[in-house]
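Subject: Structure for your review

Dear colleague,

Please find below the structure that I am handing over to you.

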Amino acid sequence: MINSPQSDPPRAVDDAPSGEHLLQRGLGIGSIVFMVVAAAAPLAVVTASVPIIISVSGSAAAPQFFLIAMCVLALFSVGFTAMSRYVPNAGAFYSYIQRGLGRHAGVGAATLALGSYGVMQIGLYTYMGVATSKLLSTMDIGLPWWTCSLAWVSIVGVLGYRDIELSSKVLGVLLVAETLAVVVIEVGVISAGGAGGLDLVPLSPSEFATGAPSLGLMFGFFSFIGFEATAVFRNEARDPERTIPRSTYAAVVFIGLFYAFAAWAVVEGLGVGHAVEAAKADPGNLVQNLASEYVSPILTDVIQVLLVTSFFACVLSFHNVITRYQFTLATKGLLPQSLAEISPRHRTPSKSSLTFTVVSLVAVAAVAAVGWDPVAQTYMWSSGASTLGLIALMAMTSLAVIIFFRTRVRNQGRWRTLVAPGLSFLGLTAILLLVIANFPVLVGTTTTAVVLGVIILVTFLAGVVAAERLRRTRPEHYQALLHED
(Lines give C-alpha, C1' and ligand atoms only; values in the text may rest on other atoms or scores of the structure.)
Protein backbone atom coordinates (compact mmCIF):
# COMPACT_ATOMS: atom_id res chain seq x y z
CA MET A 1 0.00 0.00 0.00
CA ILE A 2 1.22 3.49 -0.80
CA ASN A 3 1.35 5.70 2.24
CA SER A 4 1.33 9.46 2.48
CA PRO A 5 4.59 10.49 4.12
CA GLN A 6 4.41 11.96 7.57
CA SER A 7 7.65 13.82 7.20
CA ASP A 8 9.89 15.00 4.40
CA PRO A 9 10.99 12.19 2.12
CA PRO A 10 14.49 10.98 2.98
CA ARG A 11 17.29 12.30 0.83
CA ALA A 12 18.25 10.13 -2.07
CA VAL A 13 21.33 8.03 -1.85
CA ASP A 14 23.44 10.15 -4.17
CA ASP A 15 22.75 13.24 -2.08
CA ALA A 16 23.39 11.65 1.26
CA PRO A 17 25.97 13.35 3.38
CA SER A 18 29.20 11.58 4.08
CA GLY A 19 28.05 10.49 7.52
CA GLU A 20 25.26 8.36 6.10
CA HIS A 21 25.84 4.80 5.01
CA LEU A 22 25.57 4.48 1.25
CA LEU A 23 24.53 1.59 -0.91
CA GLN A 24 27.58 -0.27 -2.09
CA ARG A 25 28.60 0.60 -5.65
CA GLY A 26 30.60 -2.42 -6.75
CA LEU A 27 28.31 -3.96 -9.39
CA GLY A 28 29.78 -4.14 -12.86
CA ILE A 29 28.20 -5.18 -16.16
CA GLY A 30 28.82 -8.89 -15.52
CA SER A 31 27.22 -8.88 -12.09
CA ILE A 32 24.08 -7.07 -13.25
CA VAL A 33 23.72 -9.21 -16.37
CA PHE A 34 24.08 -12.36 -14.26
CA MET A 35 21.23 -11.25 -12.00
CA VAL A 36 18.96 -10.22 -14.85
CA VAL A 37 19.60 -13.29 -17.02
CA ALA A 38 19.21 -15.53 -13.97
CA ALA A 39 15.79 -13.95 -13.40
CA ALA A 40 14.85 -15.13 -16.90
CA ALA A 41 15.58 -18.73 -15.76
CA PRO A 42 17.16 -19.94 -19.04
CA LEU A 43 16.94 -23.66 -18.31
CA ALA A 44 13.33 -23.37 -17.14
CA VAL A 45 12.44 -21.49 -20.34
CA VAL A 46 14.14 -24.05 -22.59
CA THR A 47 12.59 -27.06 -20.85
CA ALA A 48 9.13 -25.59 -20.20
CA SER A 49 8.44 -22.61 -22.49
CA VAL A 50 10.01 -23.83 -25.74
CA PRO A 51 7.79 -26.96 -25.92
CA ILE A 52 4.74 -24.82 -25.11
CA ILE A 53 5.66 -22.31 -27.84
CA ILE A 54 6.01 -25.09 -30.41
CA SER A 55 2.75 -26.63 -29.26
CA VAL A 56 0.49 -23.55 -29.10
CA SER A 57 1.87 -22.02 -32.31
CA GLY A 58 1.59 -25.29 -34.22
CA SER A 59 4.85 -24.33 -35.86
CA ALA A 60 8.54 -25.20 -35.81
CA ALA A 61 9.42 -21.50 -36.09
CA ALA A 62 10.06 -21.10 -32.36
CA PRO A 63 13.54 -19.57 -32.90
CA GLN A 64 11.98 -16.72 -34.92
CA PHE A 65 9.59 -15.79 -32.12
CA PHE A 66 12.51 -15.25 -29.76
CA LEU A 67 14.46 -13.27 -32.35
CA ILE A 68 11.50 -10.97 -33.06
CA ALA A 69 10.97 -10.41 -29.34
CA MET A 70 14.68 -9.65 -28.98
CA CYS A 71 14.53 -7.05 -31.76
CA VAL A 72 11.48 -5.29 -30.31
CA LEU A 73 13.01 -5.22 -26.83
CA ALA A 74 16.34 -4.04 -28.24
CA LEU A 75 14.43 -1.11 -29.77
CA PHE A 76 12.82 -0.56 -26.37
CA SER A 77 16.28 -0.53 -24.80
CA VAL A 78 17.46 2.25 -27.12
CA GLY A 79 15.01 4.78 -25.68
CA PHE A 80 15.17 3.23 -22.21
CA THR A 81 18.93 3.69 -21.97
CA ALA A 82 18.90 7.10 -23.71
CA MET A 83 16.59 8.41 -20.99
CA SER A 84 18.46 6.68 -18.15
CA ARG A 85 20.95 9.55 -17.79
CA TYR A 86 18.01 11.86 -17.02
CA VAL A 87 16.48 9.47 -14.49
CA PRO A 88 19.29 8.97 -11.96
CA ASN A 89 17.42 6.73 -9.54
CA ALA A 90 16.57 3.04 -9.36
CA GLY A 91 12.82 3.28 -9.90
CA ALA A 92 12.88 1.73 -13.40
CA PHE A 93 9.38 1.89 -14.95
CA TYR A 94 8.01 4.16 -12.25
CA SER A 95 10.73 6.78 -12.71
CA TYR A 96 10.59 6.81 -16.50
CA ILE A 97 6.81 6.96 -16.73
CA GLN A 98 6.64 9.70 -14.12
CA ARG A 99 9.19 11.84 -15.94
CA GLY A 100 7.42 11.43 -19.27
CA LEU A 101 3.72 11.08 -18.44
CA GLY A 102 3.46 12.90 -15.13
CA ARG A 103 3.20 12.17 -11.42
CA HIS A 104 -0.22 10.52 -11.44
CA ALA A 105 0.71 8.04 -14.16
CA GLY A 106 4.09 7.52 -12.48
CA VAL A 107 2.67 6.60 -9.09
CA GLY A 108 0.09 4.38 -10.81
CA ALA A 109 2.97 2.67 -12.59
CA ALA A 110 4.76 2.26 -9.24
CA THR A 111 1.87 0.37 -7.67
CA LEU A 112 1.35 -1.71 -10.81
CA ALA A 113 5.04 -2.60 -11.09
CA LEU A 114 5.42 -3.51 -7.43
CA GLY A 115 2.22 -5.55 -7.57
CA SER A 116 3.24 -7.30 -10.80
CA TYR A 117 6.69 -8.24 -9.55
CA GLY A 118 5.29 -9.24 -6.17
CA VAL A 119 2.62 -11.65 -7.39
CA MET A 120 5.06 -13.12 -9.91
CA GLN A 121 7.43 -13.86 -7.05
CA ILE A 122 4.76 -15.59 -4.99
CA GLY A 123 3.77 -17.73 -7.97
CA LEU A 124 7.40 -18.67 -8.55
CA TYR A 125 7.77 -19.69 -4.92
CA THR A 126 4.77 -22.02 -5.10
CA TYR A 127 5.92 -23.56 -8.39
CA MET A 128 9.40 -23.99 -6.98
CA GLY A 129 7.99 -25.72 -3.90
CA VAL A 130 6.23 -28.26 -6.10
CA ALA A 131 9.36 -28.86 -8.20
CA THR A 132 11.47 -29.34 -5.08
CA SER A 133 8.93 -31.69 -3.50
CA LYS A 134 8.91 -33.85 -6.64
CA LEU A 135 12.71 -33.91 -6.77
CA LEU A 136 12.93 -34.98 -3.13
CA SER A 137 10.33 -37.69 -3.69
CA THR A 138 12.74 -39.38 -6.12
CA MET A 139 15.11 -39.65 -3.16
CA ASP A 140 12.35 -41.12 -0.95
CA ILE A 141 12.04 -37.86 0.97
CA GLY A 142 8.43 -36.82 1.39
CA LEU A 143 7.81 -33.14 2.05
CA PRO A 144 4.72 -31.10 1.15
CA TRP A 145 5.22 -28.37 -1.44
CA TRP A 146 4.54 -25.56 1.01
CA THR A 147 7.30 -26.72 3.36
CA CYS A 148 9.77 -26.57 0.46
CA SER A 149 8.44 -23.15 -0.60
CA LEU A 150 8.80 -21.70 2.89
CA ALA A 151 12.34 -23.06 3.12
CA TRP A 152 13.27 -21.39 -0.19
CA VAL A 153 11.71 -18.10 0.91
CA SER A 154 13.89 -18.21 4.02
CA ILE A 155 17.07 -18.97 2.09
CA VAL A 156 16.38 -16.21 -0.42
CA GLY A 157 15.61 -13.87 2.47
CA VAL A 158 19.00 -14.51 4.07
CA LEU A 159 20.89 -13.90 0.81
CA GLY A 160 18.76 -10.85 -0.01
CA TYR A 161 19.53 -9.33 3.39
CA ARG A 162 23.25 -9.63 2.83
CA ASP A 163 25.70 -7.81 0.54
CA ILE A 164 24.32 -7.95 -3.02
CA GLU A 165 27.70 -9.09 -4.30
CA LEU A 166 27.02 -12.40 -2.50
CA SER A 167 23.75 -12.82 -4.39
CA SER A 168 25.54 -11.96 -7.62
CA LYS A 169 28.18 -14.65 -7.05
CA VAL A 170 25.59 -17.29 -6.20
CA LEU A 171 23.57 -16.39 -9.28
CA GLY A 172 26.68 -16.47 -11.44
CA VAL A 173 27.50 -20.05 -10.43
CA LEU A 174 23.92 -21.27 -10.92
CA LEU A 175 23.57 -19.49 -14.25
CA VAL A 176 26.76 -21.05 -15.61
CA ALA A 177 25.58 -24.52 -14.52
CA GLU A 178 22.17 -24.31 -16.18
CA THR A 179 23.61 -22.68 -19.30
CA LEU A 180 26.14 -25.50 -19.65
CA ALA A 181 23.35 -28.09 -19.39
CA VAL A 182 21.55 -26.49 -22.34
CA VAL A 183 24.79 -26.17 -24.33
CA VAL A 184 25.56 -29.87 -23.78
CA ILE A 185 22.15 -30.78 -25.24
CA GLU A 186 22.76 -28.49 -28.20
CA VAL A 187 26.17 -30.02 -28.87
CA GLY A 188 24.65 -33.51 -28.67
CA VAL A 189 21.95 -32.67 -31.20
CA ILE A 190 24.37 -30.94 -33.59
CA SER A 191 26.96 -33.71 -33.34
CA ALA A 192 24.34 -36.32 -34.23
CA GLY A 193 22.98 -34.22 -37.08
CA GLY A 194 19.57 -33.90 -35.49
CA ALA A 195 16.70 -36.22 -36.29
CA GLY A 196 17.09 -35.97 -40.07
CA GLY A 197 19.98 -33.69 -40.87
CA LEU A 198 20.49 -30.10 -39.78
CA ASP A 199 18.74 -27.34 -41.72
CA LEU A 200 17.44 -23.78 -41.40
CA VAL A 201 13.76 -24.51 -41.97
CA PRO A 202 12.82 -23.23 -38.46
CA LEU A 203 14.17 -19.84 -39.58
CA SER A 204 12.32 -19.70 -42.91
CA PRO A 205 9.46 -17.25 -43.62
CA SER A 206 7.27 -20.10 -44.85
CA GLU A 207 7.54 -21.91 -41.53
CA PHE A 208 6.74 -18.70 -39.65
CA ALA A 209 3.50 -18.37 -41.62
CA THR A 210 2.21 -21.78 -40.54
CA GLY A 211 0.02 -22.39 -37.51
CA ALA A 212 -0.68 -19.51 -35.12
CA PRO A 213 2.49 -17.37 -35.04
CA SER A 214 0.79 -14.70 -32.91
CA LEU A 215 0.49 -17.14 -30.00
CA GLY A 216 4.09 -18.26 -30.37
CA LEU A 217 5.24 -14.65 -30.43
CA MET A 218 3.22 -13.87 -27.30
CA PHE A 219 4.81 -16.69 -25.33
CA GLY A 220 8.21 -15.74 -26.72
CA PHE A 221 7.85 -12.28 -25.17
CA PHE A 222 6.95 -13.81 -21.81
CA SER A 223 10.40 -15.39 -21.64
CA PHE A 224 12.08 -11.96 -21.54
CA ILE A 225 10.17 -10.59 -18.55
CA GLY A 226 12.62 -9.10 -16.06
CA PHE A 227 15.34 -7.90 -18.45
CA GLU A 228 14.43 -4.26 -17.72
CA ALA A 229 15.49 -4.75 -14.10
CA THR A 230 19.01 -3.57 -14.99
CA ALA A 231 17.87 -0.03 -14.11
CA VAL A 232 16.74 -1.15 -10.65
CA PHE A 233 20.39 -1.74 -9.70
CA ARG A 234 21.46 1.75 -10.75
CA ASN A 235 22.29 2.90 -7.22
CA GLU A 236 24.65 -0.05 -6.78
CA ALA A 237 26.33 0.05 -10.18
CA ARG A 238 30.01 0.92 -10.34
CA ASP A 239 29.50 3.45 -13.17
CA PRO A 240 25.73 3.86 -13.75
CA GLU A 241 26.03 6.01 -16.88
CA ARG A 242 27.89 3.26 -18.70
CA THR A 243 27.04 0.10 -16.75
CA ILE A 244 23.23 0.25 -16.99
CA PRO A 245 22.95 0.77 -20.80
CA ARG A 246 25.58 -1.86 -21.57
CA SER A 247 24.02 -4.32 -19.12
CA THR A 248 20.59 -3.81 -20.68
CA TYR A 249 21.78 -4.45 -24.23
CA ALA A 250 23.90 -7.41 -23.12
CA ALA A 251 20.97 -8.99 -21.26
CA VAL A 252 18.53 -8.59 -24.18
CA VAL A 253 20.94 -9.91 -26.80
CA PHE A 254 22.20 -12.82 -24.69
CA ILE A 255 18.71 -13.94 -23.72
CA GLY A 256 17.41 -13.63 -27.28
CA LEU A 257 20.25 -15.47 -29.00
CA PHE A 258 20.47 -18.13 -26.29
CA TYR A 259 16.76 -18.93 -26.49
CA ALA A 260 16.65 -18.82 -30.28
CA PHE A 261 19.59 -21.20 -30.68
CA ALA A 262 18.24 -23.55 -28.01
CA ALA A 263 14.80 -23.58 -29.69
CA TRP A 264 16.45 -24.35 -33.04
CA ALA A 265 18.38 -27.26 -31.48
CA VAL A 266 15.19 -28.64 -29.90
CA VAL A 267 13.33 -28.51 -33.22
CA GLU A 268 16.24 -30.14 -35.05
CA GLY A 269 16.49 -32.81 -32.37
CA LEU A 270 12.83 -33.66 -32.80
CA GLY A 271 12.77 -33.23 -36.56
CA VAL A 272 11.01 -30.29 -38.20
CA GLY A 273 8.14 -32.44 -39.40
CA HIS A 274 7.58 -34.07 -36.01
CA ALA A 275 8.31 -31.19 -33.61
CA VAL A 276 4.72 -29.96 -33.18
CA GLU A 277 3.32 -33.45 -32.67
CA ALA A 278 6.01 -34.31 -30.11
CA ALA A 279 5.53 -31.02 -28.23
CA LYS A 280 1.78 -31.57 -27.96
CA ALA A 281 2.19 -35.19 -26.87
CA ASP A 282 4.57 -34.64 -23.93
CA PRO A 283 5.68 -31.01 -23.42
CA GLY A 284 6.74 -31.56 -19.81
CA ASN A 285 9.44 -34.11 -20.65
CA LEU A 286 10.32 -33.08 -24.18
CA VAL A 287 13.75 -31.57 -23.54
CA GLN A 288 14.66 -34.14 -20.89
CA ASN A 289 13.93 -36.90 -23.42
CA LEU A 290 16.20 -35.16 -25.94
CA ALA A 291 18.94 -35.00 -23.32
CA SER A 292 18.61 -38.72 -22.71
CA GLU A 293 18.55 -39.56 -26.43
CA TYR A 294 21.36 -37.31 -27.66
CA VAL A 295 23.62 -37.17 -24.61
CA SER A 296 22.97 -39.52 -21.69
CA PRO A 297 20.16 -40.53 -19.32
CA ILE A 298 22.35 -39.13 -16.55
CA LEU A 299 21.89 -35.63 -17.97
CA THR A 300 18.15 -36.00 -17.50
CA ASP A 301 18.68 -36.44 -13.76
CA VAL A 302 21.08 -33.49 -13.72
CA ILE A 303 18.49 -31.32 -15.46
CA GLN A 304 15.89 -32.18 -12.81
CA VAL A 305 18.23 -30.82 -10.15
CA LEU A 306 19.25 -27.79 -12.21
CA LEU A 307 15.61 -26.93 -12.85
CA VAL A 308 15.18 -26.35 -9.12
CA THR A 309 18.37 -24.27 -8.94
CA SER A 310 17.21 -22.36 -12.04
CA PHE A 311 14.02 -21.36 -10.25
CA PHE A 312 16.08 -20.50 -7.18
CA ALA A 313 18.24 -18.16 -9.24
CA CYS A 314 15.06 -16.65 -10.67
CA VAL A 315 13.40 -15.97 -7.30
CA LEU A 316 16.62 -14.60 -5.81
CA SER A 317 16.96 -12.17 -8.71
CA PHE A 318 13.36 -10.99 -8.46
CA HIS A 319 13.67 -10.67 -4.70
CA ASN A 320 16.56 -8.27 -5.21
CA VAL A 321 14.57 -6.35 -7.85
CA ILE A 322 11.53 -5.98 -5.59
CA THR A 323 13.71 -4.96 -2.67
CA ARG A 324 15.30 -2.14 -4.69
CA TYR A 325 11.95 -1.07 -6.06
CA GLN A 326 10.56 -0.72 -2.54
CA PHE A 327 13.69 1.14 -1.49
CA THR A 328 13.38 3.69 -4.29
CA LEU A 329 9.68 4.28 -3.64
CA ALA A 330 10.47 4.77 0.04
CA THR A 331 13.11 7.39 -0.75
CA LYS A 332 10.35 9.27 -2.61
CA GLY A 333 8.01 9.05 0.36
CA LEU A 334 5.62 6.66 -1.42
CA LEU A 335 6.30 3.80 0.98
CA PRO A 336 7.17 3.81 4.69
CA GLN A 337 10.49 5.54 5.33
CA SER A 338 11.86 2.49 7.14
CA LEU A 339 12.12 0.70 3.78
CA ALA A 340 14.69 3.31 2.71
CA GLU A 341 17.06 2.37 5.53
CA ILE A 342 20.43 1.02 4.42
CA SER A 343 22.30 -1.59 6.43
CA PRO A 344 25.61 -0.09 7.67
CA ARG A 345 27.20 -3.52 7.52
CA HIS A 346 25.96 -4.84 4.17
CA ARG A 347 25.34 -1.49 2.45
CA THR A 348 22.08 -2.82 1.03
CA PRO A 349 18.39 -1.99 1.70
CA SER A 350 18.20 -4.85 4.17
CA LYS A 351 15.03 -3.60 5.88
CA SER A 352 13.24 -3.64 2.55
CA SER A 353 14.52 -7.16 1.89
CA LEU A 354 13.38 -8.39 5.30
CA THR A 355 9.94 -6.85 4.81
CA PHE A 356 9.34 -8.60 1.50
CA THR A 357 10.61 -11.87 2.96
CA VAL A 358 7.94 -11.66 5.65
CA VAL A 359 5.30 -10.80 3.03
CA SER A 360 6.37 -13.83 0.98
CA LEU A 361 6.23 -16.18 3.96
CA VAL A 362 2.72 -15.00 4.82
CA ALA A 363 1.55 -15.23 1.19
CA VAL A 364 2.85 -18.79 0.70
CA ALA A 365 1.32 -19.87 4.01
CA ALA A 366 -2.01 -18.29 2.96
CA VAL A 367 -2.01 -20.15 -0.38
CA ALA A 368 -1.45 -23.42 1.47
CA ALA A 369 -4.13 -22.59 4.06
CA VAL A 370 -6.87 -21.82 1.51
CA GLY A 371 -5.97 -24.90 -0.52
CA TRP A 372 -5.22 -23.30 -3.88
CA ASP A 373 -3.36 -25.49 -6.32
CA PRO A 374 0.23 -24.14 -6.26
CA VAL A 375 0.72 -24.56 -10.03
CA ALA A 376 -2.63 -24.75 -11.85
CA GLN A 377 -4.05 -21.83 -9.86
CA THR A 378 -1.47 -19.77 -7.97
CA TYR A 379 1.36 -19.92 -10.50
CA MET A 380 -0.90 -19.67 -13.56
CA TRP A 381 -2.86 -16.71 -12.16
CA SER A 382 0.18 -14.83 -10.89
CA SER A 383 2.31 -15.32 -14.01
CA GLY A 384 -0.54 -14.27 -16.30
CA ALA A 385 -1.40 -11.19 -14.25
CA SER A 386 2.20 -10.08 -13.83
CA THR A 387 2.98 -10.54 -17.51
CA LEU A 388 0.00 -8.40 -18.52
CA GLY A 389 1.00 -5.72 -16.02
CA LEU A 390 4.65 -5.62 -17.02
CA ILE A 391 4.05 -5.52 -20.78
CA ALA A 392 1.62 -2.63 -20.20
CA LEU A 393 4.35 -0.87 -18.22
CA MET A 394 6.89 -1.38 -21.00
CA ALA A 395 4.51 0.11 -23.56
CA MET A 396 3.88 3.09 -21.25
CA THR A 397 7.63 3.50 -20.77
CA SER A 398 8.23 3.70 -24.53
CA LEU A 399 5.53 6.34 -24.81
CA ALA A 400 7.03 8.21 -21.85
CA VAL A 401 10.45 8.27 -23.55
CA ILE A 402 8.97 9.83 -26.70
CA ILE A 403 7.05 12.48 -24.78
CA PHE A 404 9.99 13.27 -22.49
CA PHE A 405 12.36 13.95 -25.38
CA ARG A 406 9.72 15.88 -27.35
CA THR A 407 8.86 18.18 -24.44
CA ARG A 408 11.73 18.24 -21.93
CA VAL A 409 15.06 17.47 -23.59
CA ARG A 410 15.60 18.07 -27.30
CA ASN A 411 18.37 17.75 -29.88
CA GLN A 412 19.34 14.25 -28.73
CA GLY A 413 18.96 12.46 -32.06
CA ARG A 414 15.72 11.18 -33.61
CA TRP A 415 16.75 7.51 -33.65
CA ARG A 416 17.21 7.20 -29.89
CA THR A 417 14.42 9.55 -28.86
CA LEU A 418 11.67 9.00 -31.44
CA VAL A 419 12.17 6.29 -34.06
CA ALA A 420 13.36 3.39 -31.86
CA PRO A 421 11.01 4.06 -28.92
CA GLY A 422 8.18 4.68 -31.41
CA LEU A 423 8.71 1.31 -33.06
CA SER A 424 8.98 -0.41 -29.68
CA PHE A 425 5.77 1.29 -28.53
CA LEU A 426 3.92 -0.05 -31.58
CA GLY A 427 5.37 -3.52 -31.12
CA LEU A 428 4.67 -3.67 -27.38
CA THR A 429 1.16 -2.32 -27.84
CA ALA A 430 0.47 -5.06 -30.38
CA ILE A 431 1.76 -7.67 -27.93
CA LEU A 432 -0.31 -6.12 -25.13
CA LEU A 433 -3.47 -6.37 -27.23
CA LEU A 434 -2.55 -9.95 -28.08
CA VAL A 435 -2.13 -10.80 -24.40
CA ILE A 436 -5.48 -9.19 -23.53
CA ALA A 437 -7.23 -11.11 -26.31
CA ASN A 438 -5.74 -14.39 -25.10
CA PHE A 439 -5.80 -13.66 -21.37
CA PRO A 440 -8.39 -16.39 -20.60
CA VAL A 441 -6.01 -18.91 -22.19
CA LEU A 442 -3.18 -17.70 -19.94
CA VAL A 443 -5.05 -17.82 -16.64
CA GLY A 444 -7.44 -20.70 -17.27
CA THR A 445 -10.97 -19.31 -17.55
CA THR A 446 -12.81 -16.20 -18.71
CA THR A 447 -14.07 -15.51 -15.19
CA THR A 448 -10.55 -15.62 -13.78
CA ALA A 449 -9.36 -13.37 -16.60
CA VAL A 450 -12.00 -10.77 -15.81
CA VAL A 451 -11.26 -10.84 -12.07
CA LEU A 452 -7.51 -10.55 -12.57
CA GLY A 453 -7.97 -7.84 -15.19
CA VAL A 454 -10.02 -5.78 -12.76
CA ILE A 455 -7.41 -6.28 -10.03
CA ILE A 456 -4.64 -5.09 -12.38
CA LEU A 457 -6.63 -2.00 -13.32
CA VAL A 458 -7.48 -1.26 -9.69
CA THR A 459 -3.81 -1.63 -8.73
CA PHE A 460 -2.85 1.05 -11.24
CA LEU A 461 -5.75 3.32 -10.27
CA ALA A 462 -4.85 3.00 -6.59
CA GLY A 463 -1.57 4.69 -7.38
CA VAL A 464 -3.30 7.43 -9.35
CA VAL A 465 -5.67 8.06 -6.43
CA ALA A 466 -2.74 8.10 -3.99
CA ALA A 467 -0.97 10.70 -6.13
CA GLU A 468 -4.07 12.88 -6.23
CA ARG A 469 -4.51 12.57 -2.48
CA LEU A 470 -0.87 13.55 -2.00
CA ARG A 471 -1.35 16.55 -4.31
CA ARG A 472 -4.28 17.80 -2.26
CA THR A 473 -3.07 17.08 1.26
CA ARG A 474 0.71 17.53 0.95
CA PRO A 475 1.42 19.53 -2.20
CA GLU A 476 5.08 20.03 -1.27
CA HIS A 477 5.62 16.25 -1.26
CA TYR A 478 3.70 15.92 -4.51
CA GLN A 479 5.95 18.52 -6.13
CA ALA A 480 9.02 16.74 -4.75
CA LEU A 481 8.15 13.54 -6.66
CA LEU A 482 9.79 14.88 -9.79
CA HIS A 483 12.89 16.18 -7.99
CA GLU A 484 15.82 14.20 -9.26
CA ASP A 485 18.01 12.12 -7.02
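As to conventions, residues are numbered from 1 along each chain as its sequence is written, and side-chain values use heavy atoms, with hydrogens and water left out. Because the model is predicted, local features need pLDDT of at least 70 and side-chain atom pairs count only at pLDDT 80 or more, while totals for chains, interfaces and linings use all residues.

Overall form

The protein has 19 helices and zero strands; these are DSSP runs numbered from the N terminus (helices H or I, at least four residues; strands E, at least two). The C-alpha trace spans about 70 × 55 × 45 Å along its principal axes. Of the contacts (heavy atoms within 4.5 Å) with a separation of 6 or more, 82% are between residues 24 or more positions apart.

Helix 9

Helix 9 (residues 213–222) is largely enclosed by the rest of the structure, because eight of its ten residues are buried. These are Pro213, Gly216, Leu217, Met218, Phe219, Gly220, Phe221 and Phe222. Among the elements against which they pack are helix 2 (42–57), helix 3 (62–84), helix 15 (374–407) and helix 16 (414–437).

Cysteines

The structure holds zero disulfides, a disulfide being a pair of cysteine sulfur atoms within 2.5 Å. Cys148 is in no disulfide, and the nearest cysteine sulfur, that of Cys314, is 17 Å away. Cys148 has a relative accessible area of 5% and is therefore buried, whereas Cys71, at 45% relative accessibility, counts as partly exposed.

Nonpolar surface patch

Tyr161, Leu354, Val358 and Val362 make a nonpolar surface patch of about 350 Å². Such a patch joins nonpolar side chains (Val, Leu, Ile, Met, Phe, Trp, Tyr) within 5 Å, from residues with over 30% relative accessible area and no salt bridge (a side-chain nitrogen of Lys or Arg within 4 Å of a carboxyl oxygen of Asp or Glu). Helix 14 (residues 350–370) gives the largest share, three residues. Tyr161 is found in helix 6 (residues 145–161) and counts as partly exposed, at 34% relative accessibility.

Yours sincerely

Definitions and conventions:
Patch = residues over 30% accessible without salt bridge, like charges linked within 9 Å, V, L, I, M, F, W, Y side chains within 5 Å. Areas by Shrake-Rupley, 256 points an atom, 1.4 Å probe, with all protein chains shown as cover. Buried < 20%, exposed > 50% of the residue type's maximum accessible area, 1.4 Å probe, protein only.
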